[in-house]
Amino acid sequence: MVNFDYKKSLGQNFLKDENIIDKIVSAPLIGRNNLVIEIGPGAGALSKRLVNCFDNVLMYEIDTRLYEILNGNLDGYNNYEIIFDDFLRRDVLSDIKKYNYEHLYVVANLPYYVTSPIVMKIIKDRLPVDEIVIMIQKEVAERYTSIPGKKEYGEISVYLQYFFEISKVCNVSRNAFIPRPQVDSCVIKMKKRDILPYVKDFSLFEKLIRDSFKFKRKTIKNNLKNYDLNIISRVLEKYGYDNNVRSENLSYEIFVDMSNELSN
Ligand code: SAM
């Protein structure tokens, strides 16, 4: 966009590569009667496609300077709403109450400075999303999608993988944006698990994974000194491990089992 004063502080790197937009929009398995939430529509590069493919599109854009450009680019469509506000401060459940939908998606090229707060808000607010398709910084995508045994696997991988099946859609070069960012990106898809494993005490589960990954190079035995190590050893044994194992080798199911046994 010529003459637009892009704000780095708002993560304003707008997409200009139509092939990437194709890949993002065709990533979710679109069910009938759907609503999509887009966070940070910018000038509407992605939004234009979303209003074509989805029944209703609800956008949150923090930068009111984009009001005319964005509405202008979506001229002729009546299946969208733009809320000019900070997504992180919205009561989104109440914003979507007026919509009738069977499937809810979040599709966005996220502002990178708030990627994790946005993803955490979607979870903590209990938005009933089916799938999330987001463009995020490549290194962050590696942590979200990493599997046990890989060096990027950590607390956030376990936490997100409890809720979602996460897969990579494509890598995106920094040349796909204007202005060109300092980092490469990746589009990922997060599909809500049909059935979430039962967790007796969710705050204990959260604390357990936080403590388990506190010192990455340490064994479970050393990171979890303040827990009942007999119980932990018993659970680990079921999966063929002892308490000299490192957290980076354990799947979210094992952490669920450990936290349930610990909360007995
Ligand atoms: N979707 C557009 C595209 O792909 O070309 C723009 C993406 S740009 C990476 C991120 C957008 O998020 C910017 O338009 C920025 O103003 C907006 N934004 C930043 N922080 C936000 C927040 N907290 N809530 C809503 N929008 C935000």
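**Stop 1: the largest pocket**

Start by selecting Phe 14, Gly 40, Pro 41, Gly 42 and Glu 61: of the 37 residues lining the largest pocket, these lie nearest its centre. Strands E1 (14-15), E2 (34-39) and E8 (177-178) are the elements that each give two or more residues to that lining; helices (H or I, at least four residues) and strands (E, at least two) are DSSP runs, numbered from the N terminus. A pocket here comes from a 1 Å grid over the protein atoms alone: it is an open set of points with protein on both sides within 12 Å along at least five of seven lines, whereas a cavity is a set where a 1.4 Å probe fits but cannot get out, and lining residues have an atom within 4 Å of a point.

Before going further, bear in mind that this is a predicted model, where local features need pLDDT of at least 70, side-chain atom pairs count only at pLDDT 80 or more, and totals for chains, interfaces and linings use all residues. Residues are numbered from 1 along each chain as its sequence is written, and side-chain values use heavy atoms, with hydrogens and water left out.

The largest pocket has a volume of about 550 Å³, a volume being the space filled by probe spheres set on grid points joined across faces, edges and corners. Colour its lining by class and you get 24 nonpolar, eight polar and five charged residues (nonpolar: Ala, Val, Leu, Ile, Met, Phe, Trp, Tyr, Cys and Pro; charged: Asp, Glu, Lys and Arg; polar: the others, Gly among them).

**Stop 2: the ligand**

Now show the ligand and the 22 residues around it, the closest being Leu 15, Gly 40, Glu 61, Asp 86 and Asn 109 (a heavy atom within 4 Å counts). Gly 40 uses a backbone N or O atom, 2.8 Å from a ligand nitrogen, and the side chain of Gln 12 has an N or O atom 2.9 Å from a ligand oxygen.

**Stop 3: Glu 131**

Jump to strand E6 (residues 131-137) and pick Glu 131. Is Glu 131 buried or exposed? It counts as buried because its relative accessibility is 4% (buried is under 20% relative accessible area, exposed over 50%, partly exposed in between, with a 1.4 Å probe and protein chains only). Its side chain reaches the backbone nitrogen of Leu 29 at 3.3 Å. Leaving out residues up to four places away in sequence, Glu 131 touches several residues, including Pro 28, Tyr 105 and Met 190 (contact means heavy atoms within 4.5 Å).

**Stop 4: helices H8 and H7**

Select helix H8 (residues 202-212), where the buried residues include Leu 204, Phe 205, Leu 208 and Ile 209. The buried residues of H8 pack against helices H5 (115-124), H7 (155-163), H9 (220-223) and H11 (252-262). In H7, click Tyr 159, which is buried at 6% relative accessibility. Among the residues Tyr 159 touches are Met 120, Phe 202, Glu 206 and Ile 209.

**Stop 5: the cavity and a loop**

The count comes to one cavity of 30 Å³ or more. Its lining is Ser 212, Phe 213, Phe 215, Lys 216, Lys 218, Asn 223, Ser 247 and Glu 248.

Finish at Thr 64, in the loop between strand E3 (56-60) and helix H3 (67-73). Thr 64 is exposed, at 53% relative accessible area.

Conventions
A polar contact is a pair of N or O atoms within 3.5 Å; within protein, one must be able to donate a hydrogen and the other to accept it, and residues adjacent in sequence count only if both atoms are side-chain atoms.
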